[in-house]
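Hi,

Here is the structure I promised to pass along. Have a look at it first, and then read on for what turned up.

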Amino acid sequence: MQAIGQTSVPPTLFTSDKTLFYRLGLFNDSLTSALSNAEAEATSTIASFAPCGGSVAADPSLADAATAIQMLQARHISYLNAEQTESTLTSWKSQTYTSSDAYNGLTLYDYMTTHLGYRYVLRDAALSFNTWKNESGSLTLSIENVGFSVSYMPYDVCLLMRNQDTEEMITLPLDTDNRSWNPQETTTLKQSLALRDYDKGTYSLYLLVQNPASGEVIKLGNTMPLTSNGYMIGSLVIE
């Protein structure tokens, strides 16, 4: 079976001797819009620790964009079978996704495939510091998971501060577990910054989410460019 959203077994699923970790997953060979309360509860439980997916049934109701999206969200889908009967998938490829978000004008199929599993979007970044009252600054980040499911691998999440004059890099690991960033929810991260201890200068601030096993930098669903340091989220001047 070829899976949409996954072209190979991720290296993080292997131990040092290349033995595949024992993992329980869910494959549904007939995904439809109908979902009982018991099935929804069971799927939600499994999806919290293992990937769920399968084949989309030839269900006429899934030709409706809102119904199809709600079905994949409710089932926390991470992958779909690309070798199935393609009636529904073909329908998605011919439909234009209409919304106020960045996916407006793309096909419904494009929207679906870019939301399989997790998809992180940085919604806001704010720094507060009162030079008269505070000993340190406070950085707040708001990250939304707009995907259908969670990540099943822990990633390193760091704030990088690069001094533009000296090229010195300060790395601050953020205290969070990305596996708890639930779909359709926004997670707030806070990081204290010892601004009085840093050298004077202009700093570029980057958010870096990285797979520690492979070194792969995790791409966000934002429009700003990805750099070798992650995503630049702002700058800071210390005088």
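Which side chain does Glu144 join in a polar contact? The partner is Arg123, and the contact between the two side chains is 2.7 Å. Do bear in mind that this is a predicted model, so please read everything here that way.

A bit more on Glu144: you'll find this residue in strand β6, which covers residues 137-145. Leaving aside residues up to four places away in sequence, Glu144 touches Arg119, Tyr120, Val121 and Arg123, plus Glu185 and Thr186.

The other thing to look at is a sheet. It is open, has 5 strands with antiparallel pairing, and runs in the order β8-β7-β10-β12-β11. The edge strands, each pairing on one side only, are β8 (169-173) and β11 (226-227).

Going through the sheet pair by pair:

- β8 and β7 run antiparallel and are joined by 5 bridges. Here Leu160 stands opposite Thr171 in β8.
- β7 (residues 156-163) is antiparallel to β10 too, with 8 bridges between them. Arg162 faces Ser204 of β10 there, standing opposite it.
- β10 is also joined to β12 (residues 230-238) by 7 bridges, again antiparallel. Gly201 has Ile238 in β12 as its bridge partner.

Cheers

Key. Residues are numbered from 1 along each chain as its sequence is written. This is a predicted model: local features need pLDDT of at least 70, side-chain atom pairs count only at pLDDT 80 or more; totals for chains, interfaces and linings use all residues. Side-chain values use heavy atoms; hydrogens and water are left out. Two strands pair if DSSP finds at least two bridges between them. Helices (H or I, at least four residues) and strands (E, at least two) are DSSP runs, numbered from the N terminus. A polar contact is a pair of N or O atoms within 3.5 Å; within protein, one must be able to donate a hydrogen and the other to accept it, and residues adjacent in sequence count only if both atoms are side-chain atoms. Contact means heavy atoms within 4.5 Å.
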